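The sequence and structure come first.

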Amino acid sequence: MKMIIAAIKPFKLEEVRQALTEIGVAGLMVTEIKGFGAQAGHTEIYRGAEYEVNFVPKMKLEIVVPADQADQVVETIANTARTGKIGDGKIFVLEVSQAMRVRTGETNLDAL
């Protein structure tokens, strides 16, 4: 099993969720996060005062899928979340050694 962690722009969340559902992803977890990468924040003006925004809002997706589906999930997220502008996000793929569905006790692929 693989865990895919993706940080994407907030306005792309629903489009990405829909694309993942279409390829058979059964579930995902979403967290609102803030961070910075190459863009390293930006300057905004609020009520006439200029201030530095060091952390940019993003959405973090966490998805666990069978290993043979991971490449398709990564490609789907990348293609759907891409705007071509700085700050589109990052995707990480990790090994998952065990999973359990709490309600039934099912483990590993059966738990997905």
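## Helix α1

Just after α1, Gly24 has a positive phi of about 100 degrees. The model is predicted, with local features needing pLDDT of at least 70 and side-chain atom pairs counting only at pLDDT 80 or more, while totals for chains, interfaces and linings use all residues. Residues are numbered from 1 along each chain as its sequence is written, and side-chain values use heavy atoms, without hydrogens and water. Helices (H or I, at least four residues) and strands (E, at least two) are DSSP runs, numbered from the N terminus.

Helix α1 spans residues 13-22, and Val16, Ala19 and Leu20 are buried in it (under 20% relative accessible area, 1.4 Å probe, protein chains only). Viewed down the axis of α1, the buried residues fall within an arc of 100 degrees, so they line one face of the helix; the arc is taken from the directions from the helix axis to the C-beta atoms. An α-helix has 3.6 residues a turn, so residues three or four places apart point the same way. Among the elements covering the buried residues of α1 are β1 (2-8), β5 (56-65) and α2 (70-81), where contact means heavy atoms within 4.5 Å.

## Asn108

Asn108 lies in the segment after β6 (89-95). Its phi is near 50 degrees, a positive value in a residue other than glycine. Asn108 is partly exposed, at 30% relative accessible area (partly exposed lies between buried, under 20%, and exposed, over 50%).
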